Amino acid sequence: MIPELQESLRIALRTLIKAGDLPPEADVEPRIDRTRDSSHGDYATNIAMQLSKLARCNPRALAEKIILAASLPASVAKYEIAGPGFINFHVSGNRWAEVLRTVLDHGPEYGRCQPAQRERVHLE
């Protein structure tokens, strides 16, 4: 889910740069974190607060522009702008059911990876 949100926000930032709402230096990798309090949603970003000085814009206003320019994944049930400019994302219950189904389908092998093939290297 985090990569999907990052990609959506990355595209939104590039759209705002092309529109002249953000300078080229604003083409950064958005950081998405899990929220500590579930009432604040499942994931959050503070990208608007980070870029507000560059944009010479209020962080809440910039957050609104970012959301309007973003094409959020279908699994995002809703979003909200909180506090000084956090963007909180609430994931739909269907998304969690899909993840659970994947875990159950893979059984005890879920999350395991295959060891890398050993490669011989000659150092002199």
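## Strand pairing

Two strands count as paired if DSSP finds at least two bridges between them. This model is predicted. In it, strand β3 (residues 76–82) pairs with strand β4 (residues 86–91) through six bridges, in the antiparallel sense. Within that pairing, Tyr79 has Phe89 of β4 as its bridge partner.

β3 and β4 make a hairpin, with three residues between them. Gly83 sits in the turn and has a positive phi of about 55 degrees.

## The sheet

The sheet is open and has four strands, in the order β1-β2-β4-β3. Pairing is antiparallel. β1 (33–34) and β3 stand at the edges with a single partner strand each, so one side of each has no neighbour in the sheet.

Strand β2 (residues 43–45) runs antiparallel to β4 and is joined to β4 by three bridges. Here Tyr43 has Phe89 as its bridge partner in β4.

Helix α3 (residues 59–69) lies across β3 and β4. It runs at about 160 degrees to β3.

## Buried side of α2

In α2, the buried residues are Ile47, Ala48, Leu51, Ser52 and Ala55. Their arc around the axis is only 135 degrees, so they lie on the same side of α2. The cover over these buried residues includes α1, β2 and α3.

Arg56 follows α2. The phi of Arg56 is positive, near 50 degrees.

## Nonpolar core

The largest nonpolar core holds 24 residues. Which of them touch the most other members? They are Leu5, Leu22, Tyr43, Leu62, Ile66 and Phe89. Elements giving two or more residues to this core are α1, α2 (47–55), α3, β3 and β4. With five residues, α1 gives the most.

Leu22 has its own set of contacts. Setting aside neighbours within four places in sequence, Leu22 is in contact with Leu13, Leu16, Ile17, Ala55 and Leu62.

Notes
Residues numbered from 1 in each chain as written. Predicted model: local features only at pLDDT ≥ 70, side-chain atom pairs only at ≥ 80, totals over all residues. Heavy atoms only, no water. Contact = heavy atoms within 4.5 Å. Axes fitted to C-alpha atoms, helices over the stretch in contact; angles between N-to-C directions. Core = buried A, V, L, I, M, F, W, Y, C linked by side-chain atoms within 4.5 Å. Buried < 20%, exposed > 50% of the residue type's maximum accessible area, 1.4 Å probe, protein only. Arc of directions from axis to C-beta.
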